Amino acid sequence: MTDTEMTDTDFSTAGELVCPAGTPAALRTAVDAGADTVYCGFRDATNARNFPGLNFTPEELQSSVAYAHARGARVLLALNTYPPAGKVALWRDAAAIGMRSGVDAFIVADMGVARHIAETHPGARLHLSVQAAASSPEAIRYYCQNFGVRRVVLPRILTIPEIRKIKSEIPCEIETFVFGNHGLMVEGRCSLTNWLTGLSTNMDGVCSPAADVTYERAADGSMRSRLAGFTIDSFAPDENAGYPTICKGRYTAPHRTEGFYAFEEPISLNLGRMLPDLMAAGVHAFKIEGRQRSKSYVRSVVRAFRRAVDSIRAGGEPDLADLVALTEGQKETQGAFQTKKWR
Amino acid sequence: MELTLGPIAYHWPAERKRDFYAAIADEAPVGTVYLGEVICSKRAPFFERELPATIDRLRRAGKRVVLCTLAEVMLPRERQATAGLAALDDPEIEINNAAGLLAREGRPHRIGPFLNAYNEATMAWLAEQGATHVCLPTEMPSEAIAIAAQAGRDLGVGVEVQVFGRAPLAVSARCYHARAHGRTKDNCQFICEADPDGMPLTTRDGQPILRVNGIQTQSESYVELLQELPAIAAMGVSHARLLPQDVDMVAVCGVFADRIAGRIEAAEAQGRLAEVCSGRGFSNGFFHGAAGYRRIQAAAATG
């Protein structure tokens with residue numbers, strides 16, 4: 001297949017389920033479980049889940065695209081990080097490999113990368129990554145007008161009425177996160193990990209990297225979780241020690257001498273109950289976070305959302321029990337989508 | 001290389017801002033002063049009345065004045081504020097959000113550090129669309145800065161790097177100042193005004209780590225690139241940005257000006273800065289491609 005032959009895939013059905021594929025095995029699992037679309041990235045800094053043991057070689061991408069296409073599913077390639085000056089070629093090469101592999105769209109954030117793909121691969125479909133932090137109709141239109149972006153992945157900071165309003169003012173599709181890790185900072189504008197570890201979320205695709213994580217149990221049974229030597233949280237002997245993500249840690253402030261969740265509690269986003277409202281607001285595609293998750297996680301989440309979307313399409317109510325069960329026993333949130341008070 | 005004074009990130013009272021800029025106008029050896037609220041749209045009205053007089057005051061003192069747009073644009077008032085600034089041709093504007101680029105419609109403007117111009121391809125695109133000047137993201141390492149500076153020269157675009165002040169590390173839709181006080185953003189009662197240098201966050205082991213400034217998260221320590229200034233100038237970076245902190249900023253500007261002019265060595269400059277910023281820690285890790293909080297003594301960077 002030559003470089004200019006990105007087939008104009010049909011993305012027209014609303015309620016599209018966009019599912020994470022951290023590995024080829026997870027991709028097959030997601031497709032088999034009913035994903036309309038899967039998203040994935042290469043094993044390097046060109047995508048925002050550049051974690052050890054995750055992601056695809058060019059060969060794996062090619063065979064995975066074939067697997068998905070044979071089953072009617074689409075593949076999105078995440079090229080959603082920001083190349084630092086001098087390293088742009090890695091992102092350009094990744095786009096060329098994606099074209100040759102037959103991916104159905106690219107997910108981009110950097111204007112230089114978007115422009116390169118728009119000019120070099122004019123048939124390519126571009127989705128604007130949440131990492132671009134386009135949270136107004138004007139910002140979204142900027143990317144649509146200049147790079148032909150066909151879909152925006154909205155930041156997780158908008159209420160449903162705000163999403164409806166945005167939809168009425170933009171010429172492209174909307175994709176929103178509905179399940180998984182609940183990022184607190186504006187994506188693409190966070191250097192917290194780089195401040196503590198020397199690896200950048202924007203430039204290296206890394207967030208709170210596992211290699212810098214340590215847990216230390218004290219004599220009294222309490223546990224400290226650290227990132228690059230900084231204590232992100234400490235846990236009583238009967239508490240579950242969470243992963244030390246900087247924006248989910250507990251800190252003290254002058255007037256808050258007991259540790260408190262200064263940014264957010266370790267909590268998952270679950271918009272299962274809101275799917276009909278989101279569709280009514282004009283959301284075209286639902287994104288499930290979790291390229292770092294296991295195959296069994298991907299299977300159960302994708303199946304539950306598949307059933308929910310199918311029943312909505314059939315004019316019925318989604319089976320909420322399934323979706324609620326996914327986060328049973330864990331803290332879950334509807335985040336900003338439900339109310340402005342979240343802010 | 002010219003010194004600039006970046007926008008005030010904090011919610012200082014209007015009188016304090018007015019007095020601050022009067023002192024900057026009279027005494028600070030900086031060529032360009034960036035004004036405007038970049039962090040929180042709720043704060044902007046407080047200084048609006050003072051703005052024309054402040055612009056005038058700075059200009060009469062020979063400073064170039066640039067108005068900055070918000071980093072985050074989501075609410076109607078934020079969209080309106082951005083469009084309003086983008087409509088101005090005088091003074092110059094610095095754009096921090098793509099919404100501002102749309103409204104600017106290709107007329108000349110500067111690119112702020114929140115717009116994510118990380119590389120030569122993005123800089124070339126922005127320059128074609130009217131950008132005359134780019135402030136690089138604070139987290140960029142020296143190798144990338146050098147290439148961006150070269151690209152800036154090739155494109156005829158000014159390139160600016162933050163050399164002093166807390167590193168801007170993140171923004172959010174949520175106000176962490178309000179949250180820490182059990183309030184929401186809509187009902188914040190401007191509690192952030194109580195922390196003119198940000199609200200310190202400390203780890204549960206007692207180690208200071210971050211600062212909260214409304215919706216923004218900053219570093220605890222100040223970025224300080226006094227030692228690296230000659231190397232930065234040699235790369236072709238055209239402007240060095242000082243971010244206002246709750247210290248004697250006229251004195252800070254003086255230290256950096258003396259260092260840029262080669263009147264003092266790095267060690268003397270650092271000694272003077274430490275006196276001015278008594279009690280604050282300093283970092284230069286980002287520049288050296290290391291964890292941002294680190295302070296690295298780089299022999300190669302002296303000069």
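These notebook entries record what I looked up in a predicted model with chains A and B.

**Conventions**

I note that the model is predicted, that local features need pLDDT of at least 70 and side-chain atom pairs count only at pLDDT 80 or more, while totals for chains, interfaces and linings use all residues. Residues are numbered from 1 along each chain as its sequence is written, chains are lettered from A and ligands numbered from 1 in the order in which they are written, and side-chain values use heavy atoms, with hydrogens and water left out.

**Entry 1: domains of chain A**

I began with the domain assignment of chain A, which gives domain 1 (16-182 + 267-342) and domain 2 (192-261); such bounds come from an automatic or database domain assignment. Taken over C-alpha atoms, the centres of the two domains are separated by 27 Å. I looked up their contacts (heavy atoms within 4.5 Å) and found 14 residues of domain 1 of chain A against eight residues of domain 2 of chain A. The buried area, meaning the accessible area (1.4 Å probe) that two parts lose on being put together, summed over both, is about 770 Å² for this pair of domains, with 48% given by carbon and sulfur atoms. A:N50, A:F51 and A:Y82 supply 38% of the area that domain 1 of chain A buries against domain 2 of chain A, more than any other three residues.

I then counted salt bridges, each a side-chain nitrogen of Lys or Arg within 4 Å of a carboxyl oxygen of Asp or Glu. The count between the two domains of chain A is zero. For polar contacts I used pairs of N or O atoms within 3.5 Å; within protein, one must be able to donate a hydrogen and the other to accept it, and residues adjacent in sequence count only if both atoms are side-chain atoms. Four residue pairs meet this between domain 1 and domain 2 of chain A, both residues at pLDDT 80 or more.

**Entry 2: elements of chain A**

Helices (H or I, at least four residues) and strands (E, at least two) are DSSP runs, numbered from the N terminus. Burial is read as under 20% relative accessible area, exposure as over 50%, and partly exposed as in between (1.4 Å probe, protein chains only).

I found helix α5 of chain A (residues 137-147) largely enclosed by the rest of the structure, because eight of its eleven residues are buried. Among them are A:Y142, A:Y143 and A:F147. Just after α5(A), A:G148 takes a positive phi of about 70°.

Strand β10 of chain A (residues 230-235) has six of its six residues buried. Strands pair if DSSP finds at least two bridges between them; β9(A) (residues 223-227) and β10(A) do so in the antiparallel sense over five bridges. A:R226 stands opposite A:T231. Two residues lie between the strands of this hairpin, where A:A228 has a positive phi near 50°.

**Entry 3: A:L158**

I located A:L158 in the loop between β6 (151-153) and α6 (160-167) of chain A. It counts as buried because its relative accessibility is 1%. A:L158 and A:A336 lie 178 residues apart in sequence, but their C-alpha atoms are 5.6 Å apart in space. Residues up to four places away in sequence aside, A:L158 touches residues including A:F337, A:R343 and B:M74.

**Entry 4: the interface of chains A and B**

I found 65 residues of chain B in contact with 68 residues of chain A. The chains bury about 5,700 Å² between them, 58% of it on carbon and sulfur atoms. B:L102, B:W125 and B:R204 supply 14% of the area that chain B buries against chain A, more than any other three residues. Seven salt bridges and 35 residue pairs in polar contact, both at pLDDT 80 or more, are counted between the chains. In one salt bridge, the side chains of A:R115 and B:E128 meet at 2.6 Å, N to O. The largest share of the side of chain B that touches chain A, seven residues, comes from α6(B).

B:T122 is found in α6(B) (residues 120-128) and, at 1% relative accessibility, counts as buried. Its side chain reaches the backbone nitrogen of A:G112 at 2.8 Å. Beyond four places in sequence, contacts of B:T122 include A:D110, A:M111 and B:N116.

**Entry 5: backbone geometry in chain B**

I noted B:N116 for a positive phi of about 70° in a residue that is not a glycine; B:N116 sits in the loop between β5 (109-111) and α6 of chain B and is buried at 4% relative accessibility. B:Q189, also not a glycine, has a positive phi near 55°, but B:Q189 is exposed at 52% relative accessibility. The peptide bond from B:D90 to B:P91 is cis, with omega near 0°, and B:P91 lies in the loop between α4 (76-86) and β4 (92-95) of chain B.
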